[in-house]
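Please read these notes with the model open beside you.

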Amino acid sequence: MTDMTKLDAKIPEGPIDKKWTKHKNNINLVNPANKRLIDVIVVGTGLAGSSAAASLAEMGYNVKAFCFQDSPRRAHSIAAQGGINAAKNYQNDGDSTYRLFYDTVKGGDYRSREANVHRLAEVSTNIIDQCVAQGVPFAREYGGLLDNRSFGGVQVSRTFYAKGQTGQQLLLGAYSALSRQISKGKVKLYNRHEMMDLVIVDGKARGIIARNLITGEIQRHSAHAVVLCTGGYGNVFYLSTNAMGSNVTAAWKAHRRGAFMANPCFTQIHPTCIPVSGDYQSKLTLMSESLRNDGRIWVPKKKEDAQAIRDGKLKPTQIKEEDRDYYLERRYPAFGNLVPRDVASRAAKERCDAGFGVNKTGQAVYLDFADAITRYGKTEARVQGIENPSDAKVKELGTKVVSAKYGNLFEMYEKIVDENPYETPMMIFPAVHYTMGGLWVDYNLMTTVPGCFACGEANFSDHGANRLGASALMQGLADGYFVLPYTIGGFLADDIRTGPIADDSPEFMKAESEVKERLEKLLSAKGTKPVDYFHRKLGLLMWDNCGMSRNAENLKKTIEDIRALREEFWKDVRVPGKSGETNPELEKANRVLDFLELGELMCKDALDREESCGGHFREEYQTEEGEALRDDENFKFVSAYEYTGDPGAAVLHKEELVYEAIEVKTRSYK
Amino acid sequence: MNLTLKVWRQSGPDAEGRMETYQVKDISGDMSFLEMMDVLNAQLIEKGEEPVVFDHDCREGICGMCSMYINGRPHGPKQHTTTCQLHMRSFKDGDTIHIEPWRASAFPVIKDLMVDRSSFDRVIQAGGYISVNTSGNTLDANAIPVPKDDADAAFDAATCIGCGACVAACKNASAMLFVSAKVSQLSLLPQGKVEAAERVKNMVAQMDKEGFGNCTVTGACEAECPKGISLENIARMNREYLKAQLTPGK
Ligand SMILES: Cc1cc2nc3c(=O)[nH]c(=O)nc-3n(C[C@H](O)[C@H](O)[C@H](O)COP(=O)(O)OP(=O)(O)OC[C@H]3O[C@@H](n4cnc5c(N)ncnc54)[C@H](O)[C@@H]3O)c2cc1C
Ligand code: SF4
Ligand code: FES
C-alpha cells in the first residue's frame, strides 16, 4: 500500500547555506530556569547519545541516560577505527563546507536530504574544535598541528584520526563530558538497563519501559521527551562488524508505536573486512577503510593461479606483477582504490563470483601493502640520508612507517588470521557494517511521534543510499553536540508548565504489562533450540537475498521464508532461566524477535525500490558495465514506512527529495 | 580439539560460587575464546542447563567488556590480547582450562564470570575530564600546537580500554595503572594542564574510596594489560600527585 500524504520534513526556507543559522535564530528557546523543570530521556551512550546527554545537561535539562553495557564508554562507537571528517581545509587542498556537502550528497547517490547534509558540513568544523578542547589526542604532525588522511569517495584529505582508534578516542571524549555531568548530578545514568518499549501519552512520547539487566526488574521512566541514540541494526544479518549487542529493539519499538522507518533496506556492506573462517563465527572484523590509502586491492589475472592459491599450491607473493589484476585501479582510474564502499564491495563480489577469489572458500581478495612499504621506505631512507639503501633496509624503514599509521589494525589482523600482513597481503571480503536506513526524522531530528527524537546511526538522515567513510562519527557528534540540543527546544518550549510526567498513568501501566507478558511468553516457549540458531538462519537469508545484490524473485521468497522462520522461532526456541535475574539469553531472544520483523520490512523495501542506488543493488537495474542504474524519475524519494500491525503490511509514505543546490547526476568514479 | 573446562559458577552477588567441569568437543583453532564459550553455552541450553554468564560486546579488543581470568591470568596466556581476541590455537587438544571472573573487592561478582566495574566509572566522574562545555565556540583546533611527542604519549595512555585486567592481575587489587593512564593523558596536553592538580587529587581520593589497594610497583599490571599501558604512567601520576599536594587546593 502506498500513501501519498506528504511528510513534512520542516526544512527551513532560504538559501541552503543560511537555513541552519536562520532556523537556530528562530527556534523557541527554553530559558535556563525553566529547563530545570524539564526531563529528557536519552537512550544510548555512543557518540550520539553521550554527546546529546552531556550537552542537554550542560544546558540545564534533567537527563536520564540509558545503555545496556556496563559502562557508557563501551557503546559500539568505541570500535570505530579510521577517522572523522571535517571541512577544516587544514591541508589547503581546496576543501570547503560546500565540497563536503557535495561529496556527501553524491556519495549517498542523491538519496539524502540536502538541507540536513549541508548543516552537517557546516557544524563539522566545530566538532574538531570541541574534541581537541576535551583532550582528544588526534594524530599530529611534527610541527604540532593536526594531521589528516583521505577516505573513499573524495579527492581531498579531510579525515582526522587517532591511529586506528578514532572512535575510541572520540567516545572517551564524549564519555568524559557525560561523566562530568553525572558528577554534577545533572545526568542520572542507568547502565545495564535496556529500553523495552516507548510510552506514548496523549500522542506524545513521554517515557520508556526499561529492564534492569542485573535484577531483571521492569521499570517505568517518564520524561518530557525521549531521544533515541541506539545505533544501527546491521546485526539483522547476524554476521556484521557491529558489536554483539547492537540491535534494533529501541528503534523498532518506536516504529511499532508510530515512528516511521525510513529506507530500511539501505545497508552498507564494507569492502575491507576479514573473511568468514567457519560456521561457529560470531562476528566479523573490519579492517579500516583508511588502509585503502596505502593498500592496493587485487586478485590474480588467471583463474588457474587463483585456483592454485585456493589449493595452497601458490603464495600471493609468487604471483608476478603482470599477472595481477588491480581491478579497482583498472575499472575506476580516477578514484582507484579509493572508490566509495558500495562500488568497492560490488567489484570484489564480481571478481569472486567470476572465480578469482583467493581463500579456501573463494570469498576473498587481496589488500597489499608491499608497494607502500617500499615507497615509504625509500622516502625515509632519503630523509635519513642513507644512500643506496638495501632492499632489506628499505623494507625495514617502510614497515616502520606503515606500522606507525596502522599498527593496531595489522596486529588485529594477525591475531585473527595468524598471518603477518607486513609479509603477505591481507585477505579481505565485504561484510555488513552500517545501516543508512533508520527512523525517519524531520529537520529537527524528530520522528513522526511528537517528542521522540532520533540521533546518530539510529536515524536515516544524512547518508542517503551510501555513507562515505568517516562520516558516521561526524554525524553522531553533530547530532548530539550541535543539532539536537537546539532543535529539541522547539518541542520542549510548550512543556515548561506541564510539570513532571506521571509514570503511573494507564499508558505506562499498560506498556509495562505488555513487556512483562512478552518476556513470559519467550520464557515459556518450550522448544529445543537456542536463540542463536534462529538468528544465524535469519542472517543467512538476509545476506543471500537482501545483501550486496537483490532481485525481485528472491526478495519475494525471502519474505515468505522470514515469516516461516518467525513461526518456527515461537515453536522451537528455548530460553533458559527467569525474567527476574541476569539473563543474557532472554535479552538476545527479545532482540532477535525484533530482527525477525525488521528483516521482513527490509526485504519489502528492497522489493518496492525498483532501481539500483548506493548500497541497494537490484540485479534487474544495472548498466551494461554492471554499474548501478538509478531511476530519478520514479524513485527520488525517501521511503518511510508506517507500522500497521504486521511488518509486511506497512504503509509506504514518500518524502520527495528536492535538490536545489546540487545538480543530480549519474554518479561516476571512473 | 577436545577440551576440559573448569568454570566458576555463581548464581548471584551473595551466592556461594564453585568450579564446575564441562567438556567441549571439536573446537577449531580459528575460533576465538568467546566463540568456544558460545559452543559451551549452546550445549548447555540444549541440555536444559543454565548457560555461563559472561560480559562481552565488541569482540575485537576495544570495548573492554570481556573479562575472564584464564588459567590464572587475566585475559589468558597471550600478551597484549583481550579474551575476545584470544584464539583457540593458543591451546592444544586435551588441555584443561580454568576460567574465573576478575577477583577484587572493588569489582564484585554479579553472576558467574560477570563482575561490576562501575567503580571505574566513578573514578572518571571524580575528575577524568576537561571542564569545557559544548558551546561550539571553543578555540580553533589548530590554535594551540601540541608537540607530536606529547600528543603521541597522550594517545598511548588514552588507549586504555578500562577492562580492569590491571586490577585483577595485582595482588593488592590496585587500580593505579588505569587511573594513571587517564591522569597522564590529560596532564600531557595543554588543554588538560589547567585542572591537573585538582584532577589527580580527586581521582586518587575516589580510587581509595572505592576500595582499590595500594600500589607496590610489582609491575603485574603492565605485564597483563592487553593494551600495553606503561608503568611510566604511574610514575607520572605520582609526580603529578606530589605536585598537587604542594599547590594550595580550593
Ligand atoms: C568496526 C567499525 C568501525 C567503524 N569505523 C568508523 C570510522 O572510522 N568512521 C566513521 O565515521 N564511522 C565508523 N563506523 C560507524 C560508526 O562507528 C557508527 O555508525 C557510530 O559510532 C554509531 O554511533 P551511535 O552513537 O549512533 O550508536 P552506538 O555507538 O551504536 O551506540 C548505541 C548505544 O545505544 C545503546 N542501546 C541500544 N539499544 C538500547 C536499548 N534497547 N536500551 C538501552 N540502550 C540501548 C547502547 O548501549 C549504546 O550505548 C564504524 C563502525 C564499525 C562497526
Ligand atoms: S590499564 Fe590496561 S589492564 Fe588496566 S584497565 Fe586499562 S587497558 Fe585494562
Ligand atoms: S569484547 Fe570488547 S574488548 Fe573483548
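1. Two strands count as paired if DSSP finds at least two bridges between them. Helices (H or I, at least four residues) and strands (E, at least two) are DSSP runs, numbered from the N terminus. The model is predicted: local features need pLDDT of at least 70, side-chain atom pairs count only at pLDDT 80 or more, and totals for chains, interfaces and linings use all residues. Residues are numbered from 1 along each chain as its sequence is written, chains are lettered from A and ligands numbered from 1 in the order in which they are written, and side-chain values use heavy atoms, without hydrogens and water.

2. In chain A, five strands form an open sheet in the order β12-β16-β15-β13-β14, with antiparallel pairing. Its edge strands, β12 (267-273) and β14 (324-325) of chain A, each pair on one side only. Strand β13 (residues 296-300) of chain A runs antiparallel to β14(A), and two bridges join them. Val299(A) has Asp325(A) in β14(A) as its bridge partner.

3. Around ligand 1 there are 38 residues (a heavy atom within 4 Å). They divide into 17 nonpolar (Ala, Val, Leu, Ile, Met, Phe, Trp, Tyr, Cys and Pro), three charged (Asp, Glu, Lys and Arg) and 18 polar (the others, Gly among them). The largest share of this shell, three residues, comes from β7(A).

4. Polar contacts here are pairs of N or O atoms within 3.5 Å. An N or O atom in the side chain of Gln69(A) is 2.5 Å from an oxygen atom of ligand 1. A polar backbone atom of Met195(A) lies 2.7 Å from a nitrogen atom of ligand 1.

How values were computed: A polar contact is a pair of N or O atoms within 3.5 Å; within protein, one must be able to donate a hydrogen and the other to accept it, and residues adjacent in sequence count only if both atoms are side-chain atoms.
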